[in-house]
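Got the model loaded and a selection box ready? Let's walk through it stop by stop.

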Amino acid sequence: MVSAEATVSMELGLDQRATPLVGTGGQIRTELTDFRVREVEAVSPEPLDADAGAYPHVVIRVGLQGWDTNAFANTLADRLAIGTERIAWAGTKDARAVTTQLFSVRATEVPTFPELEGASIDPIGRMGRPLQFGDLWGNDFEIVVREATAPERAREIATSLGAADGSGIIVPNLFGPQRFGSHRPITHRVGAAIVAGQPREAVRRYLAESGGAEPTDTVAARAAVAEAFTLADANWGRLSDEFGRGLRFERALLHRMAELRPETDAAWREVLEVLPWNLQRLFVHAFQAAIFNRIVAARMRAGVPLERPIDGDRVAFVDEDAPEGYAQPDLTRLTVATADTAGLIARHCRARRAFVMGPLVGTETARCGGKPGDFERAIFEAVGIGPRDFDLPEPYHSTGTLRSLMMWVDLEVTMDVPRGGYTLRFGLPSGSYATAVTREFIGQPELY
């Protein structure tokens, strides 16, 4: 019998590993300091004493322990008595980590920054614009794995993933489980309903579907909502009281449902509008990510390589501005491999000058030829969507893009953790997930 966790792994395309070896077992994030992330910055601020009129954004380098990015930004805005729209950042980080990242604050004078527990704030310069998502080349990681049953296997796994010339390891460029909800991986399901034109079902999935490690009272509240969706006269306002104060989005949805008593698709879309714009957009992005992962997994299952092209593959050449070790594809430099050119392009891929690409499907996703196209169409059919289905009103509309199927990783394994552990040190380009690396070593889904 297939377990519920295994079913979710397949649904998210997280059921395949590149190494044929059994994993080491173990856990990450056992302690806060076990997961360290430092941004590889892609901006060069002007000095702090530069003209504030021309450079109105103060750039700060922030070290955080136990803060997620949004929570820190909200707290900083509150302590500075400014709107959150005046604070920006280049990359979002998890609370269960020690992180170093950049923020920008729109301010004429360099603010007197508050002292916050678990945070160090260092003003480093000014910019003429706020930081934007993606203003970093990548991230450097130091991750401790503890309680491994076979820690000595870590080096064997690294060898099995290694390129033939010894230049790093090759890992599938999968979206990690946190993309779909760290404690409740359902964001892709909500996105699937939105893309399918089923806003009522999207609301139901967000409110009623449980999973992961939620508290028992939250699971009970979701079960009550699930039952209410089968009734003609549900008391949505009363149900909002079943959710704790920390579940403010659930409460907001239910309050809006109590006000509107929605019956039409238009009314259910209005219910969804109480959620933050970026969260609404995240639902569709998570659905696209799940489709991408499933395409990668299908290719791996069939034994088709990720690191070199076959006939029909889209290929992007490397962004020549990216620093060594953080290579990114340049989507303005695309080609399609054919039976005649695949061998030549493969040499560019081996030299880290090109990447085989897969779709984050959207309205502008072109049909892919050959066997790669067969994989994509099979997954599109399995989830019941196609590129045209993403022609949606904002914030859900998506033209789509391309993402590399694999990533080169320069990795160091050290057996320096007592009682069955080891440390992984590596850098990844922006947009790639450290859990795509750790799952190859640990050998478990790590869904929650």
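Select Thr 438 and Thr 435: the backbone oxygen of Thr 435 lies 3.4 Å from a polar atom of the Thr 438 side chain. That makes it a polar contact, meaning a pair of N or O atoms within 3.5 Å; within protein, one must be able to donate a hydrogen and the other to accept it, and residues adjacent in sequence count only if both atoms are side-chain atoms. Thr 438 is in helix α13 (residues 435-442). Helices here are DSSP runs of H or I with at least four residues, strands are runs of E with at least two, and both are numbered from the N terminus. Thr 438 has 1% relative accessibility, so it counts as buried. Buried means under 20% relative accessible area, exposed means over 50%, and partly exposed is in between, with a 1.4 Å probe and protein chains only.

A word on what you are looking at: this is a predicted model, where local features need pLDDT of at least 70 and side-chain atom pairs count only at pLDDT 80 or more, while totals for chains, interfaces and linings use all residues. Residues are numbered from 1 along each chain as its sequence is written, and side-chain values use heavy atoms, with hydrogens and water left out.

**Next, Ser 240.** This one is in helix α7 (residues 236-240). Its side chain also goes for a backbone oxygen, that of Gly 237, at 2.6 Å. Is Ser 240 buried or exposed? Ser 240 is buried, at a relative accessible area of 0%. Show its surroundings and you'll find that Ser 240 touches Arg 251, Leu 254 and His 255, leaving aside residues up to four places away in sequence. Contact here means heavy atoms within 4.5 Å.

**Now Thr 24.** Look in the loop between α1 (4-11) and β1 (35-41). Thr 24 has 0% relative accessibility, so it counts as buried. Which side chain does the side chain of Thr 24 make a polar contact with? That of Tyr 422, at 2.7 Å.

Helix α4 (residues 187-195) is mostly covered, with eight of its nine residues buried. Those buried residues include Thr 187, His 188, Val 190 and Ile 194. Just after α4, click on Gly 197, which has a positive phi of about 75 degrees.

Helix α5 (residues 199-208) has seven of its 10 residues buried, so the rest of the structure largely encloses it. Pro 199, Tyr 206 and Leu 207 are among the buried ones, and so is Arg 205. To see what they pack against, display α4, α6 (216-228), α8, α9 and α10 (277-301).

- Glu 147 has a positive phi of about 60 degrees although it is not a glycine. You'll find Glu 147 in the loop between β6 (136-145) and α3 (153-161), and it is exposed, with a relative accessible area of 55%.
- Arg 261 is another non-glycine residue with a positive phi, near 50 degrees. Arg 261 lies in the loop between α8 (248-260) and α9 (265-272) and counts as partly exposed at 40% relative accessibility.
- The peptide bond from Glu 394 to Pro 395 is cis, with omega near 10 degrees. Pro 395 is in the loop between α12 (370-383) and β11 (401-404).

**Zoom out.** The protein has 13 helices and 14 strands. Its radius of gyration is 23 Å, close to the 22 Å that the globule rule gives for 448 residues, so it is as compact as a globular protein of that length. The radius is taken over C-alpha atoms, and the rule is 2.2 Å times the number of residues to the power 0.38. Draw a box along the principal axes and the C-alpha atoms fill roughly 65 × 60 × 50 Å. Buried residues make up 50% of the 448. Of the contacts between residues at least 6 apart in sequence, 75% join residues at least 24 apart.
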